[in-house]
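Student: I would like to learn how to read a protein structure. Could you walk me through one?

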Amino acid sequence: MAGPLIIDVTRGEHIESRHRVDVVAVDADGSIVWWRGDGRRPTLPRSAIKPVQALPVARVEDDPVRLALAASSHNGEPEHVAPLRAWLAALGLDESALLCGPHPPMHRASADRLAAAGDTPGPIHSDCSGKHVGFLAVCLAHGLDIAGYLAPDHPLQRDHVSPAITAQCGVDLGDQTPGVDGCGIPVWTMPLDRLAAGWASLPGHPDGAKVIAAMAAHPHLVAGTDRPGTRMIETGGGRVVAKSGAEGVYCGIDRDSGVAIAVKAQDGAGRAAAIAGEWALAELGALPAPAPTPVTNWAGTHVGEIRVVA
């Protein structure tokens, strides 16, 4: 196939930056349909693998709101935080049980409101807190000690989360030592096409189908205001489910065809990964071709754009 997808960032008439993105599309059987660049590039999936990690949650939880949050990288807006606090309370826990660490809400207005109220961001505001509440739910449902639930050898990871990744992505994790993700969970390396295969496997799995349906039904919970993943799900009318990962990873699935995509910006640029993911889903006929993303300065003036060029 052709070389990597090229994403340019312009300022006026000038090309200021150029990103190269590897893209692969995989069908429901796990076979590569097409690719750009290196479709088997070794990749740390980061948060793009959350729908697969949510499979053990879907075995013990049926509420679509909770499942969408378990697969999310949310903005920390009130509509994210409130149901997560309620879920924790239903489990008999509070925020002190979360090991994801605190950071301000990714949504600027929500962060400003929190600061204006004199409140300190807690772990519930972490974009990964939904996954962590889900992990705690799995521990309690199986009678597991919640202490140290992020360790690779904890029964949660060893017996539930890692086997889900192995089974759905078709990878052997036994010969590698995982890295540590931003929220503390183990993160494993896999070929880019195997990450896409994990997504493609979800609709055919009873628990995976629940997760994908929950994400499609609650796009705002998956990411939030002004986030590309939420916009893609809404634009596709539920036909598309898409999800970001740190360091320029993006995944998505066309629920009509069952074909899933995975992208990795070679330089880790999230702005390139998002538009590349949208382009790939448009290639499947699931979304309109992406319009260039405006680049604005602090005064709000349109000074350039981010666009697919080749």
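Tutor: Gladly! Let us start with contact, which means heavy atoms within 4.5 Å. Keep in mind that this is a predicted model.

Student: Which residues does Ala223 touch, leaving aside those up to four places away in sequence?

Tutor: Ala223 touches Ser73, His74, Asn75, His80 and Thr230, when residues up to four places away in sequence are not counted. Ala223 itself sits in the loop between helix H10 (219–222) and helix H11 (228–235). Ala223 and Ala71 are 152 residues apart in sequence, while their C-alpha atoms are 9.5 Å apart in space.

Student: Is Ala223 buried or exposed?

Tutor: The cut-off to remember is that buried means under 20% relative accessible area and exposed means over 50%. Ala223 has 5% relative accessibility, so it counts as buried.

Student: Where does Pro42 lie, and is it buried or exposed?

Tutor: Pro42 is in strand E4 (residues 42–43). Its relative accessible area is 59%, so Pro42 is exposed. Pro42 still has contacts: it touches Thr189, Met190 and Pro191, not counting residues up to four places away in sequence.

Student: Let me try a helix residue. What is the setting of Ser162?

Tutor: Ser162 belongs to helix H7 (residues 155–169). With a relative accessible area of 11%, Ser162 is buried. Its contacts, again without residues up to four places away in sequence, are Gln157, Leu173 and Trp188.

Student: How many residues of helix H8 are buried?

Tutor: First the general idea. An α-helix has 3.6 residues a turn, so residues three or four places apart point the same way. Now the case here: in helix H8 (residues 192–201), 10 of the 10 residues are buried, so the helix is largely enclosed by the rest of the structure. Among these buried residues are Asp193, Arg194 and Trp199.

Student: How is a pair of aromatic rings described?

Tutor: By the distance of the ring centres and the angle of the planes. For this rule, ring centres must lie within 6.5 Å, and planes over 60 degrees apart count as edge-to-face. The count here comes to 1 aromatic pair. Its rings belong to Trp34 and Trp279; their centres are 5.9 Å apart and their planes are at 85°, so the pair is edge-to-face. Trp34 is in strand E3 (residues 32–36) and Trp279 in helix H12 (residues 270–283), so the pair ties together parts 245 residues apart in sequence. Both Trp34 and Trp279 are buried.

Student: Now let me zoom out. How many helices and strands does the protein have?

Tutor: There are 12 helices and 12 strands. The C-alpha trace spans about 60 × 50 × 35 Å along its principal axes. A compact globule of 310 residues would have a radius of gyration near 19 Å, and the protein has 19 Å, which agrees.

Student: What share of the residues is buried?

Tutor: Buried residues make up 55% of the 310. As for the surface, the protein exposes about 12,400 Å², and carbon and sulfur atoms supply 52% of that area.

Student: And what about contacts and charges over the whole chain?

Tutor: Of the contacts between residues at least 6 apart in sequence, 62% join residues at least 24 apart. The protein has 25 positive and 34 negative charges, and the mean positions of the two groups are 3 Å apart.

Technical notes:
Residues numbered from 1 in each chain as written. Predicted model: local features only at pLDDT ≥ 70, side-chain atom pairs only at ≥ 80, totals over all residues. Heavy atoms only, no water. Phe/Tyr/Trp six-rings, centres within 6.5 Å; stacked < 30°, edge-to-face > 60°. Helix = DSSP H or I, 4+ residues; strand = E, 2+ residues; numbered from the N terminus. Buried < 20%, exposed > 50% of the residue type's maximum accessible area, 1.4 Å probe, protein only. Rg over C-alpha atoms; globule rule 2.2 N^0.38 Å. Areas by Shrake-Rupley, 256 points an atom, 1.4 Å probe, with all protein chains shown as cover. Lys, Arg positive; Asp, Glu negative; His and termini not counted. Charge placed at Lys NZ, Arg CZ, Asp CG, Glu CD.
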